Amino acid sequence: MGDGEKLSRKMIFPYTFTAKVVQFPFKMHFKHHWMFPWFIGAAVMVAPVFYQLQKFANNEANIKIWADKRRKEEEHHRHKWD
């Protein structure tokens, strides 16, 4: 191949995941299917809710509470089978 030559031939069958994503007709789906834009809108609307849930679930106080619960449960099972 010479310098600056570009291959523009498409694959007959997209074997890799990246090739499948590149050849997927996003514009057609976005234009003709009602669900595609709604999923994008729903994801944008729900993302802050999931972010807050993740933040509350992983704060220090909650981690200590769940560690204590796990410790008590483990002690209960340990004594149960001794």
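**A close look at the salt bridges**

Modeller: Let us start with D68, which forms a salt bridge with K72, the closest N and O atoms being 3.6 Å apart; the term stands for a side-chain nitrogen of Lys or Arg within 4 Å of a carboxyl oxygen of Asp or Glu. Please keep in mind that this is a predicted model, in which local features need pLDDT of at least 70 and side-chain atom pairs count only at pLDDT 80 or more, while totals for chains, interfaces and linings use all residues. Residues are numbered from 1 along each chain as its sequence is written, and side-chain values use heavy atoms, with hydrogens and water left out.

D68 and K72 both belong to helix α4, where four residues, about one turn of the helix, separate them. (Helices are DSSP runs of H or I with at least four residues, strands are runs of E with at least two, and both are numbered from the N terminus.) D68 has another partner in R71, and here the closest N and O atoms are 2.4 Å apart. These two residues also lie in helix α4, which covers residues 60–80, and they are three residues apart, again about one turn of the helix. R71 in turn forms a salt bridge with E75, with 3.0 Å between the closest N and O atoms; this pair is four residues apart within helix α4, about one turn. The structure holds three salt bridges, and through them D68, R71, K72 and E75 are linked in a network.

How open to the surroundings are these side chains? D68, with a relative accessibility of 29%, counts as partly exposed, a class that lies between buried, under 20% relative accessible area, and exposed, over 50%, for a 1.4 Å probe and protein chains only. R71 falls in the partly exposed class with 40%, and E75 belongs there with a relative accessible area of 31%.

One further charged side chain deserves a look, for K69 lies over the face of W66, at 4.6 Å from the ring centre. A charge sits over a ring if NZ of Lys or CZ of Arg is within 6 Å of the ring centre and within 35 degrees of the ring normal.

For Phe, Tyr and Trp (its six-membered ring), a pair needs centres within 6.5 Å, and planes under 30 degrees apart are stacked, over 60 edge-to-face and the rest tilted. F24 is partly exposed at 34% relative accessibility, and F26 is partly exposed at 40%. F30 and F36 also make an edge-to-face pair, since their ring centres are 6.1 Å apart and their planes stand at 85°. F30 has a relative accessible area of 44% and is partly exposed, as is F36 at 26%. Together, F24, F26, F30 and F36 form one aromatic cluster.

Along its principal axes, the C-alpha trace spans about 70 × 35 × 25 Å. Of the 82 residues, 2% are buried.

Finally, an unreviewed UniProt entry places a "transmembrane region" at residues 34–53, and such annotations may be inferred rather than shown by experiment. Over residues 34–53 the chain is 95% helix and 0% strand, with its end C-alpha atoms 29 Å apart. M45 has its place in helix α3, residues 35–57, and counts as exposed at 65% relative accessibility. The C-alpha atoms of M45 and E60 are separated by 27 Å, the two residues being 15 residues apart along the chain.
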